[in-house]
Amino acid sequence: MIGQAGATFAQEAPLSAIDWLSNSIAVPDKLAEPAEPDPVQVPPVITVSPLDRAVPDRAGLIDARDLGVPPGLWGRSAAADLAAMIAELPDTSDAPPALRVFLRDLMVARLVPPVDAASDQSLYLARIDKLLAMGHLSAANDLIKAAGAPEPQRFRRAFDIALLTGTVAEACRVIEETPEISPTYPARVFCLARNGKWDVAALTLGNAGSLVILTPDEDKLLLIFLDAELFENEPVPRPPRVPSPLMFRIYEAIGERIPTDQLPVAFATADISNTVGWQARLRAVEHLAASGAVPADRLVQIYSVRRAAASGGIWDRVGAVRAAADALKVGNEQDVTDTLPAAWRFAKEAGYEPGFAYWAADQLDGIALKGAARHVAFEIALLAWDAELAAQVVGTSGEDRFLLALAQGQGGAEPGNDPLSRAVLRGLGALEPAKRYKALIDDDRAGEALLQAYAALSEVATGNPAAVTDALSALRTLI
């Protein structure tokens, strides 16, 4: 018997802060509240749980102290409050690269769980969902595995990761062998067909039809999926603007693959396998590199699969970056001087300059550069947090000297002429955090203060120097 409740493909009421998760697993509803309150007054109940009870939020991939935050960062904050703050953080695609890296690491850090984590895993799920939204599927999957045995809400996310990374065979095996995992009809039909059990899949779909569980479009799509030849001349239901990973794979299976260019960055992972055409792989790896989800060496690897057969657009980027990569590999100063500026310009055009900077910085050490290439190397050093390289290639302008001083941790550097430079120095030099952050820290809610400060710094472009000062003063206290 297949557990099933409510919608299947439909995503009207997602169980996540991100709206594209597949409704592949039937998650039991919470017990309904009684219609009327019990008039009898009873003493408050103190809930207890064994010390060795599995708490997902104990899971982590890096030690908190390696990140620079205290293990007890979450303090007495409630899991739901922290989860809501993480879900509401600004889109990281335009955030400064250092902040994106910090947020990714914070989501996988091993911290003392919130006070109510034993009964509420919302913070743990929010951590996974933030990683998925940022395109860090591997980190999200590792965090799921670190929490222990499969459980519906966690497995729902693991199933989508498997769909997008092409490792769904193992996920379908877990569905078959784990009674606690109750798949929805589309997930069950997909896995049965995936495992070659076409007759059972057809029977399962027939049961769903007789129970009127699927919408007409869902039913037709799955019928085409099971027997495309029978519906060869029939129109295929129109896909939604943002499909779930399960829908994405089913449309792909019937020959109607949905382009990933305009989909959330996590979907680009499906386009970097060797089974996808080179141009699609190029666009996908650029999308992922721009979000920080794949390193630049992976980008260069896919750029180097073959020679570009055309010019303009992406092909010019491929040629320029490959030329710089070849020059850096050899270490020829003139070749690097000639090729680095164009590669850097194209990297910024495509949005993956932070990853390019981390990749190039080590290779630039010791190479004597002049002119435009020298200034590019300085920008690369700053983005890569390489103060030693920055000192080698710094220019003579006041702005360059100011930025170098900040990179070297010299908070007392002479500020630039712009308000943001002065705001940064005020924040780094503050003796204590601003009042609103200090109140949270003093109340043992440092994690909430940190997330608020992160959100403020992520929106630097809004032009609020005072908010930057306050946020930096809080981070300086907490990290």
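Contact here means heavy atoms within 4.5 Å, and helices (H or I, at least four residues) and strands (E, at least two) are DSSP runs numbered from the N terminus. The model is a predicted one, in which local features need pLDDT of at least 70 and side-chain atom pairs count only at pLDDT 80 or more, while totals for chains, interfaces and linings use all residues. Residues are numbered from 1 along each chain as its sequence is written, and side-chain values use heavy atoms, with hydrogens and water left out.

The protein's secondary structure comes to 23 helices and two strands. Of its 479 residues, 49% count as buried, where buried means under 20% relative accessible area, exposed over 50% and partly exposed in between, with a 1.4 Å probe and protein chains only. Among contacts with a separation of 6 or more, 63% are between residues 24 or more positions apart.

Once neighbours within four places in sequence are left aside, the contacts of Phe225 are Val189, Phe190, Ala193, Trp198, Ile250, Ala253 and Ile254.

Helix H9 has 13 residues, 198-210, and at 1.5 Å a residue it should span 18 Å, which agrees with the 18 Å between its end C-alpha atoms; the expected span is 1.5 Å times one less than the number of residues. In H9, Ala201, Thr204, Leu205 and Ala208 are buried. Seen down the helix axis, these buried residues fall within an arc of 100°, so they line one face of H9, the arc being that of the directions from the axis to the C-beta atoms. An α-helix has 3.6 residues a turn, so residues three or four places apart point the same way. The face of H9 turned away from its buried side carries the exposed residues Asp199, Leu203 and Ser210. What covers the buried residues includes helix H8 (185-194) and helix H10 (216-226).

Thr339 is among the buried residues of H15, as are Leu340 and Trp344, and what covers the buried residues includes helix H14 (314-330), helix H16 (353-364) and helix H17 (371-383). Just after H15, Gly351 takes a positive phi of about 85°.

Thr260 lies in the loop between helix H11 (245-253) and helix H12 (278-291), and Thr260 is buried, with a relative accessible area of 3%. Its side chain is joined to that of Asp271 by a polar contact of 2.6 Å, that is, a pair of N or O atoms within 3.5 Å in which, within protein, one must be able to donate a hydrogen and the other to accept it, residues adjacent in sequence counting only if both atoms are side-chain atoms. Arg283, in helix H12, is 8.4 Å from Asp271, C-alpha to C-alpha.
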